[in-house]
Amino acid sequence: MDPVSILTGITSLVGLGTSLFGRASAASDAKQAASIQSNIAGFEGKLEDQRHTAMELAANRQSVETLRMNQRARATAINNATNQNAQFGSGLQGGLAQVEDQGLFNLAGINRNLEIGEAMFGINKQITGQKQQLAQVQGKQATDQGLMSLGGSIMKAGPTIGNIGGSIYSGVKNNSGFGGPYV
């Protein structure tokens, strides 16, 4: 076997090895990137949970403040009616009913906003779950593409490796000095 053939074969093997290593490394990197995307989606989910808790806390505070305002308005109405000696009249009862109605209306609005917020956070939680699933699928897809590429490289290198092997075998068989008298 001549030195040029040996050098060509070695160069082909080094190229194949480098290509295989690069493709395996790229698949590993893609899988790592998908894992990071999945982690980010998980953190986004935790952040949404905190926002959800903050929304509920704000709604509770608004409800309490609405009840306090309702009590103050009621107390003011009773105080004003008492100062005017009208605490037993129908005007006070009508005023108290209006105060109560306004308080209930405000509470209903707070509760409705809370329901809308709950629905929005539920949808965001589903989106986060889908993002995590997508990242996992993309990681698997990157690994599969790496394996396909690796297989393609091996198939392309097959004839070169076969030629090198054939040259080595014929050199050994003819005792041309390459491989010695081991055959």
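Q: What makes the largest nonpolar core a core, and which residues are in it?
A: The largest one has 5 residues: Met 55, Ala 59, Ile 110, Leu 114 and Phe 121. The term means a set of buried Ala, Val, Leu, Ile, Met, Phe, Trp, Tyr and Cys residues joined through side-chain atoms within 4.5 Å. Helix H1 (3-83) and H2 each supply at least two residues of this core, and H2 gives the most, with 3 residues. Helices here are DSSP runs (H or I, at least four residues), numbered from the N terminus.

A quick word on where this comes from: it's a predicted model, with local features needing pLDDT of at least 70 and side-chain atom pairs counting only at pLDDT 80 or more, while totals for chains, interfaces and linings use all residues. Residues are numbered from 1 along each chain as its sequence is written, and side-chain values use heavy atoms, leaving out hydrogens and water.

Q: Which residues does Leu 114 touch, leaving aside neighbours within four places in sequence?
A: Leu 114 is in contact (heavy atoms within 4.5 Å) with Met 55, Glu 56 and Ala 59.

Q: Why is Thr 128 called buried?
A: Buried means under 20% relative accessible area (1.4 Å probe, protein chains only). Thr 128 comes in at 9%, so it's buried. This residue lies in helix H2 (residues 90-173).

Conventions. Buried means under 20% relative accessible area, exposed over 50%, partly exposed in between (1.4 Å probe, protein chains only).
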